[in-house]
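Visitor: I'd like to walk through this one with you. Can we start inside a chain and then go to the interface?
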2 protein chains.
Amino acid sequence: MMIPRSHPRYKSLVRRERLVQAWKAGIVVPEGLIAHGRGEAWDYLFGEETSEPALVAEKAAAAYLLTAKRPVISVNGNVAALASREVVRLARIIPARIEVNLFHRSETRVRRITRELERVGAREVLGLRPNARIPGIESRRALSHRDGVFGADVVLVPLEDGDRAEALVRVRKTVISIDLNPLSRTSQSATVPIVDELTWAVLNACKFVDELKSDETEILRIRRAYNRNGNLGAVYSFLGWRLGHLRRGHGPGGKSSRRKGRRSSAR
Amino acid sequence: MMIPRSHPRYKSLVRRERLVQAWKAGIVVPEGLIAHGRGEAWDYLFGEETSEPALVAEKAAAAYLLTAKRPVISVNGNVAALASREVVRLARIIPARIEVNLFHRSETRVRRITRELERVGAREVLGLRPNARIPGIESRRALSHRDGVFGADVVLVPLEDGDRAEALVRVRKTVISIDLNPLSRTSQSATVPIVDELTWAVLNACKFVDELKSDETEILRIRRAYNRNGNLGAVYSFLGWRLGHLRRGHGPGGKSSRRKGRRSSAR
């Protein structure tokens, strides 16, 4: 498929194309493409930048992951397609286990995603031979590993379904979500909801893990200072401000209001 | 694919499944699935109901379509998948021509969509043998018909790409868009931007066409009274109110705040 370079959303269309390629490779399902579209709309509303409250949540996530006894990162098709390298890097530096968990589960797809993660450096990826079930979830979406999500104390669930996120909170896990919709059941139920674009959220988490790794006092201070409700409130305020900004005709792209780079805004 | 009935968004997932089926039938492209996801996010923000300003725009659209000399409705893959019956009904009662226009054009897909429209009662669908080009658009997306969009005075473009919408406005057509994103270039450039879910927008337009058909004075009054900038401003205000509502923790579903039915709210 040719995208004319003159198209004003060329970059976004190219990124979308990447997901379509992963769908052709059998890693992403059609429902995953629709979910990606929802994320695009939210990202657009947020001005395609990492908000200050998102950075605070990303730092808190790093602190929780570093103090976990059994941290696990859950990976689905969209995550593998868009951020496999970033996720594998985060897993390595924490260190955390990786488990493949699919809403539309098929053995073939678990295998393809495992292979993709291994290709970019993951080791001992869980998911293929589940030996436990998360209570309170119907169907094969409950399948898990005792060494993985089932036995974890802290779970990072990027782009997670609301049902599963809620079930994980019910069994008293510390759930860190990455979801651009601040109103989704996933964001509403997570212990640490990160409202940011997947790739940037994981990259920022990596940066904070590197920063905090050898500073136990600071880790504990951040865990104590983090207030999830206050943080989500700040996300809503930011969204309200953005909407007002857009209404006053500053344009949706927000180029002028944009900081120098998404990554550089991390402190 | 089985969706457990206990899933809280069962209805939305089933609707999504319909689009996936149309994709399997070669009517919808993967990029169309992503676009649908963007619409879902907006619809969710709007509380999945037709706003008052959307109704005003839908009534104005009916007035413009009824006074047009050569009204044309443009149909793409997603429109055919989600609202072919509704579109064909609207075309019959105006009456208007239908032209198939695809962003990712292939002869096979134009033929499939034409067949789907004919299956639900459309006659003389244009699109297969284009004999004109819309100026100012690159690639095969410019292809059109002298009897269709190219020669029209009023064009209804549901779920239209921003490039094409802008090009149509530049050649001085009255462009009526249906797009849930009030900030998109399509909504920003259209003469009558309707910010509502596709199916409801078309059904409401049908209702207003029936109501107004024999009342020329009222048609002219509505055309005069309609103020596109004021209407878009009201859409933004509604969105701001919704966001505040959601922030105050009334929940995203908005069931409690929901009127008795989307259709019944039409006046």
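Visitor: Which strands does helix 4 of chain A lie across?
Guide: Helix 4 of chain A lies across strand 1, strand 2 and strand 5 of chain A. It runs at about 165° to strand 1 of chain A. Axes are lines fitted to C-alpha atoms, for helices over the stretch in contact, and angles run from 0 to 180 degrees between N-to-C directions. Contact means heavy atoms within 4.5 Å. Helices (H or I, at least four residues) and strands (E, at least two) are DSSP runs, numbered from the N terminus.

Visitor: Before we go on, what are the ground rules?
Guide: This is a predicted model; local features need pLDDT of at least 70, side-chain atom pairs count only at pLDDT 80 or more, and totals for chains, interfaces and linings use all residues. Residues are numbered from 1 along each chain as its sequence is written, chains are lettered from A and ligands numbered from 1 in the order in which they are written, and side-chain values use heavy atoms, leaving out hydrogens and water.

Visitor: Okay, the chain A sheet. What's the strand order?
Guide: The order is 2-1-5-6-7, in an open sheet of five strands with parallel pairing. Two strands pair if DSSP finds at least two bridges between them.

Visitor: Why do strand 2 and strand 7 of chain A each have one side without a neighbour in the sheet?
Guide: They stand at the edges with a single partner strand each, so one side of each is left without a neighbour in the sheet. Neighbouring strands are turned by 20° against each other on average, direction ignored.

Visitor: How many bridges join strand 1 to strand 2 in chain A?
Guide: Four, and the two strands run parallel. A:Val75 stands opposite A:Val100 of strand 2.

Visitor: And the chain B sheet, what order there?
Guide: Five strands in the order 2-1-5-6-7, open, with parallel pairing. The edges are strand 2 (97-100) and strand 7 (192-194) of chain B, each pairing on one side only. Twist averages 20° from one strand to the next.

Visitor: What about A:Leu159, is its phi positive or negative?
Guide: Positive, near 55°, in a residue other than glycine. A:Leu159 is in the loop between strand 5 (154-158) and helix 6 (162-170) of chain A.

Visitor: Now the interface. How many residues are in contact?
Guide: 39 residues of chain B are in contact with 39 of chain A. The buried area is about 3600 Å², and carbon and sulfur atoms give 69% of it. Buried area is the accessible area (1.4 Å probe) that two parts lose on being put together, summed over both.

Visitor: Which three residues of chain B supply more than any other three?
Guide: B:Ile34, B:Leu183 and B:Arg247, with 17% of the area chain B buries against chain A.

Visitor: How many salt bridges between the chains?
Guide: Two. A salt bridge is a side-chain nitrogen of Lys or Arg within 4 Å of a carboxyl oxygen of Asp or Glu. One links A:Glu40 and B:Arg38 (2.5 Å, N to O).

Visitor: Which helix of chain B gives the most to that side?
Guide: Helix 2 of chain B, with twelve residues.
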